[in-house]
Amino acid sequence: MFQQIKKGQIVIDTVTKQYGKVIGREFKNAKGVELLVEVIVNQNKEDNTRTTKLIKVPIMNARPFKPSNEKKKPYAPYFDVKKFHETFGHPVAEVPQPISKERAVQRADYLVEELVEFLWSSVAGNEHETEKLVDELIHSIHKAKNKCFNKGEFPKEEILLNQTDALNDINYINYGSIVETGVNPKPIFEIIQKANMSKLGEAGKPIIDPVTKKIMKPAGWEANHKPEPLIEKELNRQIEAAKRKRGY
């Protein structure tokens, strides 16, 4: 005896192994009842679009079905960057501890380089405008320095506390800037992570600049792993998806 199947229920055809939502039924004289089942052929959850097809499933072949949830890689930048550090010989702390002042300056230098590129990009590479923005940035740095001085010194035991607060504020502000662009950072980060993990040399080891200690790009990296073309493609995809979602 078969279970009663209702409209809107998910069923699977035990013969073809296709499954979908029941949207109706047809009565046949010879074959009995056939269910009209909507099957999802392709689905893009990011831009909320999907392609479906309609199939007919003999009710004697239909069984209730619960699709298993697809396992997707979580968006976990911290652990991906940790893997990069482990692979390329950058420091990795397994127990919470403060960053040394020497390492702090080095990490801040990386940030400044990207900040200047961000400002330069904001004026389409115009040198005069970039100079003005960098001067404003330098002024802001001195202003922030004086703000810190007004707080006074604190015990060395609180270095980790203050560093952690500052670094996570940087993350929060950075995500706020990304929110203002309307760009979903997950696929962009995945492109950059893949490109960075491709910077191993021919011997399977990282090439380190002896002065800056930054990872150097191996031969052929620009041609084979440069992320900008993929980022541009992803940005265009997100823009078109957003337009379709809003009907223009």
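**Stop one: a pair of helices**

Select α2 (101-122) and α3 (residues 127-151); their crossing is right-handed, meaning the near helix is turned clockwise from the far one by less than a right angle. Before going on, note that this is a predicted model, where local features need pLDDT of at least 70, side-chain atom pairs count only at pLDDT 80 or more, and totals for chains, interfaces and linings use all residues. Residues are numbered from 1 along each chain as its sequence is written, and side-chain values use heavy atoms, with hydrogens and water left out.

Helices here are DSSP runs (H or I, at least four residues), and strands are E runs of at least two.

**Stop two: positive phi**

Now pick Ala-124, in the loop between α2 and α3. Its phi is near 55°, a positive value in a residue other than glycine. Ala-124 is exposed at 76% relative accessibility (exposed is over 50%, buried under 20%, partly exposed in between, with a 1.4 Å probe and protein chains only).

Jump to Lys-17, in the loop between β1 (10-13) and β2 (19-28). Phi is positive at Lys-17 too, near 70°, and the residue is exposed, at 56%.

**Last stop: Ile-99**

Which loop holds Ile-99? The one between α1 (77-88) and α2. Ile-99 is partly exposed, with 33% relative accessibility.

Definitions and conventions: Axes fitted to C-alpha atoms, helices over the stretch in contact; angles between N-to-C directions.
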